[in-house]
Amino acid sequence: MIPVGEFVDALDAHGIGHHTGVPCSYLAGPIAHLSRRGRYLPAANEGAAVALAAGAWAGGTPTAVFAQNSGLGNMINPLTSLVLPYRLPLLVFLSLRGWPDPDADEPQHRVMGRATHRLLDTLGVPHWTLAGDLAAVLAPAVEAASRGGPAFVLVPKGAIGRAEPGTAPGPPRPAGLPTRAEGIAMVVDRLPGALVVATTGYTSRELFGLADCERFFYMQGSMGHAGAFGLGVVLAQGDRRHVVVLDGDGAALMHLGSMSAVGAAAPTRLVHVIFDNGVYESTGGQPTSSATTSFRQVGAAVGYRTAVECASRDEVGRALDAAAGSPGPHLVVIRVAAGAGGVPPRATSAVPAPQIHARFAAAAAAAP
């Protein structure tokens with residue numbers, strides 16, 4: 001295992017001045033270390049991180065990208081239509097979830113775990129797998145990038161150490177905020193019978209831990225797409241019943257444009273709940289950019305019928321009751337405390353992903 005300080009020092013020695021990306025627990029150490037030094041900028045999604053870093057190289061500052069291989073799909077468009085044709089330098093540290101044994105990881109990582117190396121080969125992108133000797137990998141990767149074009153360093157689990165104690169970069173939060181679990185329980189209680197789509201990470205896991213139900217779609221993986229998926233469900237349902245999307249701030253930011261599609265479609269029975277704790281909690285508490293984003297104002301601007309922000313249990317209750325009793329779409333932003341409990345159980349450990357789909361589809365087809 002490479003100590004995180006040694007890893008960052010090596011990047012400094014090669015002139016990599018700044019860093020961006022979307023977190024993965026495999027890369028939590030360097031992200032926390034660099035965030036503390038003010039040299040890491042969270043990107044909305046992995047494709048945006050690629051474009052940002054490529055622009056920084058073009059502007060004169062070599063910049064590295066940190067990302068999980070599940071986000072390689074987001075990267076492919078700017079890789080193939082920007083970085084490769086323009087021969088822009090790019091250095092990416094990509095974690096290897098679902099590799100070397102796909103069946104040993106979570107279901108949402110297995111397909112990309114098998115495909116990561118082959119996808120990069122198909123694209124003609126040079127890549128190196130970090131296996132202990134950092135210098136043997138980093139030097140040729142930086143050299144390849146500096147000649148123009150992308151270079152990927154693939155990072156298996158445990159290859160890079162954790163951050164030093166006290167480097168957790170999460171922003172301070174006011175006292176007295178509700179927990180996400182409390183907010184989820186209030187949603188389920190006040191919108192009985194609704195079809196519920198829960199985003200990846202701890203949101204879907206806390207919903208499952210609260211009470212498993214066939215009406216719940218636990219959307220592990222496909223980060224940022226819960227809103228679009230829920231929009232598809234509610235449009236298929238028409239006015240038959242409520243559809244609730246349980247989202248997170250990092251996930252909502254990843255594909256914020258989906259909120260514009262909700263406003264344009266104007267589904268009257270959609271309730272979109274964003275739990276905003278300011279961090280990517282399930283990958284180590286790295287900060288999102290929600291501190292400078294007003295989801296409420298975004299929702300109002302793109303056409304949600306109502307958009308409210310809540311910071312107490314009473315405010316949450318009033319907002320949910322209003323959403324349940326009036327036409328939508330409604331946006332309810334709930335500011336919640338970060339790190340407010342232990343690690344909740346994962347739904348896909350108990351219910352296979354295809355079964356989650358099948359029973360949700362049956363519940364959607366049944367009379368409300």
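Biologist: I see that glutamate 106 forms a salt bridge with arginine 346. How far apart are the closest N and O atoms?

Modeller: They are 2.9 Å apart. Keep in mind that this is a predicted model. As a general idea, side chains of opposite charge can pair when their charged atoms come close. Here, the rule finds one salt bridge across the interface of domain 1 and domain 2.

Biologist: Let's turn to the interface. How do I read its size, and what area is buried between domain 1 and domain 2?

Modeller: The size of an interface is often given as the accessible area lost when the parts come together. In this model, about 1200 Å² is buried between domain 1 and domain 2, and carbon and sulfur atoms give 61% of that area. On the side of domain 1, Pro23, Pro42 and Gln108 lose the most area to domain 2, together 35% of what that side buries.

Biologist: And how many residues are in contact?

Modeller: In domain 1 there are 15, and they are in contact with eleven residues of domain 2. Polar contacts between the domains come to two residue pairs. Helices α2 (28-36) and α5 (107-123) each supply at least two residues of the side of domain 1 that touches domain 2. That side divides into nine nonpolar, four polar and two charged residues.

Biologist: Back to Glu106, then. Which residues are linked with Glu106 in a network of salt bridges?

Modeller: The network links Arg97, Asp105, Glu106 and Arg346. Within it, the side chains of arginine 97 and glutamate 106 meet at 3.2 Å, N to O. Is that pair buried or exposed? Both arginine 97 and glutamate 106 are buried.

Biologist: How many salt bridges does the rule count in total?

Modeller: The count comes to twelve. One of them joins aspartate 12 and arginine 37, with the closest N and O atoms 3.1 Å apart. This pair links distant parts of the chain, 25 residues apart: aspartate 12 is in helix α1, while arginine 37 is in the loop between α2 and β2.

Technical notes
Residues numbered from 1 in each chain as written. Predicted model: local features only at pLDDT ≥ 70, side-chain atom pairs only at ≥ 80, totals over all residues. Heavy atoms only, no water. Contact = heavy atoms within 4.5 Å. Buried area = accessible area lost by both parts, 1.4 Å probe. Salt bridge = Lys/Arg side-chain N within 4 Å of Asp/Glu carboxyl O. Polar contact = N/O pair within 3.5 Å; in protein donor to acceptor, adjacent residues only side chain to side chain. Helix = DSSP H or I, 4+ residues; strand = E, 2+ residues; numbered from the N terminus. Nonpolar A, V, L, I, M, F, W, Y, C, P; charged D, E, K, R; others polar. Buried < 20%, exposed > 50% of the residue type's maximum accessible area, 1.4 Å probe, protein only.
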